[in-house]
Amino acid sequence: MESGILVAMALDCYVAICHPLRHSTILTYSVVAKIGLAVVLRSGIFTLPYPFLARRWPYCRTNIIPNTYCGHIGVVRLACTVIRISSYYGLFDLFSVIGVDVFSITVSYIQILRAIFRLPTKEARLKTFGTCIYHLCAIFALYLPIFFFSLTQRFGHNVPLHLRVLITNVYQVMPPVLHPMIYGAHFSIIRPAQFSAHHLVSMMASFISELISSS
């Protein structure tokens, strides 16, 4: 569901930058509600088959999952039969959801960058791109852990167990910890105790801005 929310936010950034005068008429309350409903329904539809797939396999081994995260692929690996259907559906879910979302976000940002580079001055380009920097930080905070988690879960059979557990914990903890800091920095509500996180995000934002300005 988090990925779908980032796609909706990418759409908002696209409309705000490429069609600023029509933002309120394009993204009306009803449109935003429909987008939110579509994100929730898509997440539920793709998640629904997992318990039924896990239930169909016979289990004759231990019932202990050697990880801190009880995911579908971790459960069906305890089955004493071939779990090819579950593995294929997991890959289908991954590519049809994350793949489509990444593609949609990429297309949105291509259009955003085209609009930004058409602006006449460097200051205008930086100011406009600054509205998207925190969204980009949130994207990296979500997709990087998902990428490494998916690789280790499906192809990391030779990866040490403690490293797989560490990657799983990072996958579970990193996005919900970083996202409030990122958007808190954006809306200037970070407390002094979280200044270091605010400083980190600001450094990332400055780095990306320098890349844009040098182009």
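Buried means under 20% relative accessible area, exposed over 50% and partly exposed in between, with a 1.4 Å probe and protein chains only. The model is predicted: local features need pLDDT of at least 70, side-chain atom pairs count only at pLDDT 80 or more, and totals for chains, interfaces and linings use all residues. Residues are numbered from 1 along each chain as its sequence is written, and side-chain values use heavy atoms, without hydrogens and water.

**View 1. Helix α1, residues 2–18.** Helices are DSSP runs (H or I, at least four residues), numbered from the N terminus. At 1.5 Å a residue, the 17 residues of α1 should span 24 Å, and the end C-alpha atoms are 24 Å apart, which agrees. The expected span is 1.5 Å times one less than the number of residues. Buried in α1 are Ser3, Gly4, Leu6, Ala10, Cys13, Val15 and Ile17.

**View 2. Surroundings of Ala54.** Ala54 sits in helix α4 (residues 49–55). Its relative accessible area is 14%, so Ala54 is buried. Leaving aside neighbours within four places in sequence, Ala54 contacts Tyr59, His72, Val75 and Val76 (heavy atoms within 4.5 Å). Val75 lies 21 residues from Ala54 in sequence, yet the C-alpha to C-alpha distance is 7.1 Å.

**View 3. The pair α6 and α7.** The axes of α6 (residues 84–117) and α7 (residues 122–155) come within 12 Å and cross at roughly 160 degrees. That makes α6 roughly antiparallel to α7 (angles over 145 degrees). Axes are lines fitted to C-alpha atoms over the stretch in contact, and angles run from 0 to 180 degrees between N-to-C directions. The residues of this contact divide into 16 nonpolar, five polar and three charged.

How values were computed
Helices (H or I, at least four residues) and strands (E, at least two) are DSSP runs, numbered from the N terminus. Angles under 35 degrees count as roughly parallel, over 145 as roughly antiparallel, 65 to 115 as roughly perpendicular and the rest as oblique. Ala, Val, Leu, Ile, Met, Phe, Trp, Tyr, Cys and Pro count as nonpolar, Asp, Glu, Lys and Arg as charged, and the others, Gly among them, as polar.
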